[in-house]
Amino acid sequence: MQPRVIAVGVGPGDPELLTLKGARLIREADVVVTPVSDPKKSSIAQSIVKQLLDPVRQQLVTHVFPMKKDQSGLEEDWAASAREVAEYVLQGKTVAFITIGDPFLYSTFLYMYHQLQKLHPEIPVEIVSGVSSINTAAALAGLPLGLSDERLAILPATYEEGDLARTLEEFDTIVLMKVHRVFGRIRLLLEKLGLKDKAVYVRRVGLPGEAVFHDLDLVTEDDLNYLSMIIVKK
Ligand SMILES: C[S@@+](CC[C@H](N)C(=O)[O-])C[C@H]1O[C@@H](n2cnc3c(N)ncnc32)[C@H](O)[C@@H]1O
């Protein structure tokens, strides 16, 4: 294989939702990099692909990117990750950087990618699309994301209330990612806009603890999880 960086989206959780191409490239890679937010916790992305990994032949590396609301302080972590990844490629190795869902949708990979492009524009990067958590959550909830001329919006639920309200009013289907920390505020807003009964909360798609709530009032504090979203379908 030509030495390069390959960003592989491993899907939302079910190993069967990993693409054939992603699986082949992970198997063939010399180095597999997994981003983690906490070095003490095991990586979900790595657990999805564990059957494909060969710890004897492959170098399995984790890069730590702490999860913070303000990501600006993490520049040095992304740059360090980009420098390490570049070094492997310059040694003639192929690096698979695995990421949950799709690598080009709100993914940690993108921060490292921007640094890599800045520091080593000569290094080839291939993006292997993954099934996004949005697609699988919509399928589980039974809510088609868009039909004909409908408008679809995807945004972090952490947006300020005015912006969220405008988006909720203007679009036909709205996907609110990263909802766990602001769930109570979003539920109130949906109620105010008369949209609560059009909203579904989906958590941990394809993973232990997977659940779909068609009634947001039944969601308790214990049901909230980082891997969750609300889909509103008018
Ligand atoms: C950093 S983004 C990663 C998105 C990912 N690149 C994708 O394509 O699905 C993290 C957010 O994605 C959503 N997410 C990712 N995996 C999920 C899963 N298995 N179940 C439900 N939501 C998930 C949640 O909204 C979570 O807060």
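Biologist: What makes β6 and strand β7 a pair, and in which sense do they pair?

Modeller: In this predicted model, five bridges link β6 to strand β7 (residues 173-177), in the parallel sense. Two strands pair if there are at least two bridges between them, and β6 and β7 have five, so the term applies. Within this pairing, L152 stands opposite T173 in β7.

Biologist: What makes β6 and β9 the edge strands?

Modeller: Both belong to an open sheet of five strands, whose order is β6-β7-β10-β8-β9 and whose pairing is mixed. β6 (152-156) and β9 (211-213) are its edge strands, since each of them pairs on one side only. From one strand to the next, the twist of this sheet averages 15 degrees.

Biologist: What describes the way the axes of helix α3 and helix α4 cross?

Modeller: Two packed helices are described by the angle between their axes and by the distance between the axes. The axes of helix α3 (residues 75-90) and helix α4 (residues 108-119) come within 8 Å and cross at roughly 60 degrees, and the crossing is right-handed. In α3, the residues W78, A79, S81, A82, R83, V85 and A86 meet Y111, M112, Q115, L116 and L119 of α4. Sorted by class, this contact has nine nonpolar, two polar and one charged residues.

Biologist: How do you know that domain 1 and domain 2 are in contact?

Modeller: The domain assignment of the protein chain gives domain 1 (5-128) and domain 2 (133-233), and their C-alpha centres lie 27 Å apart. Residues are in contact if their C-beta atoms lie within 7 Å, and seven residues of domain 1 are in contact with seven residues of domain 2, so the two domains touch. The side of domain 1 that touches domain 2 divides into four nonpolar, two polar and one charged residues.

Biologist: How many residues surround the ligand, and which are the closest?

Modeller: The ligand is surrounded by 24 residues, of which G101, S132, S133, M177 and V205 are the closest. The elements giving two or more residues to this shell are α5 (133-141), β8 (199-203) and β10 (228-233), and the largest share, three residues, comes from α5.

Biologist: Which domains does the shell around the ligand draw on, and how do its residues divide into nonpolar, polar and charged?

Modeller: Domain 1 (5-128) and domain 2 (133-233) each give at least three residues to the shell. By class, the shell around the ligand has 13 nonpolar, seven polar and four charged residues.

Definitions and conventions:
Residues are numbered from 1 along each chain as its sequence is written. This is a predicted model: local features need pLDDT of at least 70, side-chain atom pairs count only at pLDDT 80 or more; totals for chains, interfaces and linings use all residues. A residue is near a molecule or strand if its C-beta atom, placed from the backbone, lies within 6 Å of it. Helices (H or I, at least four residues) and strands (E, at least two) are DSSP runs, numbered from the N terminus. Ala, Val, Leu, Ile, Met, Phe, Trp, Tyr, Cys and Pro count as nonpolar, Asp, Glu, Lys and Arg as charged, and the others, Gly among them, as polar. Domain bounds come from an automatic or database domain assignment. Axes are lines fitted to C-alpha atoms, for helices over the stretch in contact, and angles run from 0 to 180 degrees between N-to-C directions. A crossing is left-handed if the near helix is turned anticlockwise from the far one by less than a right angle, and right-handed if clockwise.
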